[in-house]
Amino acid sequence: MEVIICPTAAEAASTGASILARLLREKPDATLGLATGNTPLALYAELIRRHQSGAIDFAHCHAFNLDEYFGIGPDHPASYHRFMSENLFSHINIAPEHCRIPDGLAKDVPTACRDYEQAIVASGGIDLQVLGIGGDGHIGFNEPGSSLQSRTRIKTLTARTRRDNAGDFGAEDNVPMHVITMGVGTIMEARSLLLFAFGAHKAAVVASAVEGPITSMVPASILQMHPCAKVILDEAAASQLTRAEYYRWVYANKPAWQADA
Ligand code: PGA
């Protein structure tokens with residue numbers, strides 16, 4: 001696991017955008033795994049900016065989102081379909097038919113989940129998965145206790161996550177109880193992972209995920225087992241890491257050929 005500590009979230013987003021841009025230069029038809037929430041907003045803004053300046057072409061890539069609320073449709077203002085359209089897809093040249101997000105209105109959930117997994121495989125597998133981290137350590141909507149080998153399925157949100165996400169729905173009671181999410185096992189099959197976290201409110205969970213034991217109680221801790229995982233933080237989110245100086249040292253002395261890789 002590589003830990004990259006940036007002075008600000010904007011610089012972290014720029015670092016992440018450079019990694020993504022390099023992937024798309026080398027593999028224009030790459031499959032991206034995308035995330036929602038506040039964390040990836042700066043990354044998406046930077047990707048849009050670079051696309052508009054001609055530096056990134058999304059014409060041939062495919063995208064799969066991590067998750068969607070169950071029981072709401074794509075036009076619901078708090079749906080992740082709406083989020084992705086407003087914050088990324090409608091501003092770049094990705095083909096709409098290349099963008100997949102779990103169907104929150106699926107009638108046959110197990111079949112829809114299996115189809116989602118098969119679509120990922122059919123697209124060649126995810127080359128790079130963008131992740132945030134929940135205050136409780138979730139990745140996607142894999143709440144604490146999720147099997148570390150889980151696949152795309154329906155999950156029940158914790159009270160904490162419903163509280164954290166209440167703002168999007170006006171009130172906690174309006175937040176759906178259930179979600180469809182890629183599993184931890186699905187996420188771990190991506191060839192590379194980029195987990196972002198910003199702000200002091202993420203510092204404790206970042207320290208648990210990066211330096212604590214691997215446990216389903218902190219699903220993000222499984223990234224320690226991934227052969228190519230990067231954790232990109234601002235100073236505040238890195239503030240409880242005991243080995244922060246070493247991570248900075250490693251990054252400052254990275255061989256030039258590894259830049260953006
Ligand atoms: P946030 O959510 O980016 O809004 O903090 C992260 C997550 O729940 O994965």
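1. Strands here are DSSP runs of E of at least two residues, numbered from the N terminus, and two strands pair if DSSP finds at least two bridges between them. On that basis, in this predicted model, 7 strands form an open sheet with parallel pairing, in the order β1-β10-β9-β6-β2-β3-β5. β1 (2-6) and β5 (99-100) stand at the edges with a single partner strand each, so one side of each lacks a neighbour in the sheet.

2. The ligand is surrounded by Gly-37, Asn-38, Thr-39, Gly-132, Ile-133, Gly-134, His-138 and Lys-202, where a residue is near if one of its heavy atoms lies within 4 Å.

3. Polar contacts are pairs of N or O atoms within 3.5 Å. Oxygen atoms of the ligand lie 2.6 Å from a polar side-chain atom of His-138, 2.6 Å from one of Lys-202, and 2.9 Å from a polar backbone atom of Asn-38. Taken alone the ligand exposes 280 Å², of which the protein buries 80% (Shrake-Rupley method, 1.4 Å probe).

4. On numbering and confidence, residues are counted from 1 along each chain as its sequence is written. Local features need pLDDT of at least 70 and side-chain atom pairs pLDDT 80 or more, totals for chains, interfaces and linings use all residues, and side-chain values use heavy atoms, without hydrogens and water.

Conventions: Polar contact = N/O pair within 3.5 Å; in protein donor to acceptor, adjacent residues only side chain to side chain. Helix = DSSP H or I, 4+ residues; strand = E, 2+ residues; numbered from the N terminus.
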